[in-house]
Amino acid sequence: EEEAFLVSLYQFMKDRHTPIERIPHLGFKQINLWKIYKAVEKLGAYELVTGRRLWKNVYDELGGSPGSTSAATCTRRHYER
């Protein structure tokens, strides 16, 4: 399931002419694209996570540093890209 997701994601990004050339980092750690997708899905999808301001929860789910003040914003921006 994870592999199929990643293949689909890379193809989607390539088709819209914004290929993923390198995996983004969050707090000096490479983001696991599958994990961030599943974390957002578990909390109710993008609109709900954004509307309820749950991006810090997504960041925490990814194992982020608890002291980061811009964690929620950075997590959301990476997900949107």
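User: Why is Lys38 called partly exposed?

Analyst: This is a predicted model, and every value here is computed from it. Lys38 has a relative accessible area of 30%. Buried means under 20% and exposed means over 50%. The value for Lys38 falls in between, so Lys38 counts as partly exposed. Lys38 lies in helix α2.

User: How do you know that Lys38 forms a salt bridge with Glu41?

Analyst: The closest N and O atoms of Lys38 and Glu41 are 2.8 Å apart. The cut-off is within 4 Å, so the pair counts as a salt bridge. Both residues lie in helix α2, three residues apart, about one turn of the helix. Glu41 has a relative accessible area of 38%, so Glu41 is partly exposed.

User: How many salt bridges does the whole structure hold?

Analyst: A search finds four. Among them is the pair of Lys42 and Glu61, with the closest N and O atoms 3.1 Å apart. Another is Arg76 with Glu80, where the closest N and O atoms are 3.1 Å apart.

User: What makes Lys42 and Glu61 a link between distant parts of the chain?

Analyst: Lys42 and Glu61 form a salt bridge. Lys42 is in helix α2 and Glu61 in helix α4, 19 residues apart. Lys42 has 59% relative accessibility, over the 50% limit, so Lys42 counts as exposed.

User: Where do Arg76 and Glu80 lie?

Analyst: Both lie in helix α5, four residues apart, about one turn of the helix. Arg76 is at 26% relative accessibility, so Arg76 counts as partly exposed. Glu80 is at 39%, so Glu80 counts as partly exposed too.

User: How many aromatic pairs are there, and why is the pair of Trp34 and Tyr37 called tilted?

Analyst: The structure holds six aromatic pairs. The ring centres of Trp34 and Tyr37 are 6.1 Å apart, and the planes are at 35°. Centres must lie within 6.5 Å, so the rings pair. Stacked needs under 30 degrees and edge-to-face over 60, so this pair is tilted. Trp34 and Tyr37 are three residues apart in helix α2, separated by about one helical turn.

User: Is Trp34 buried or exposed?

Analyst: Trp34 is at 13% relative accessibility. That is under 20%, so Trp34 counts as buried. Tyr37 is at 27%, so Tyr37 counts as partly exposed.

User: What makes the pair of Tyr46 and Tyr79 stacked?

Analyst: The planes are at 5°, which is under 30 degrees, so the pair is stacked. The ring centres are 6.2 Å apart. Tyr46 lies in helix α3 and Tyr79 in helix α5, so the pair ties together parts that are 33 residues apart in sequence. Tyr46 is at 27% relative accessibility and counts as partly exposed. Tyr79, at 25%, also counts as partly exposed.

User: Which residues do ring pairs link into a cluster?

Analyst: Phe5, Trp34 and Tyr37.

User: Why is Arg53 called exposed?

Analyst: Arg53 is at 73% relative accessibility, over 50%, so Arg53 counts as exposed. Ala45 is at 32%, so Ala45 counts as partly exposed.

Note on methods. Residues are numbered from 1 along each chain as its sequence is written. This is a predicted model: local features need pLDDT of at least 70, side-chain atom pairs count only at pLDDT 80 or more; totals for chains, interfaces and linings use all residues. Side-chain values use heavy atoms; hydrogens and water are left out. Helices (H or I, at least four residues) and strands (E, at least two) are DSSP runs, numbered from the N terminus. Buried means under 20% relative accessible area, exposed over 50%, partly exposed in between (1.4 Å probe, protein chains only). A salt bridge is a side-chain nitrogen of Lys or Arg within 4 Å of a carboxyl oxygen of Asp or Glu.
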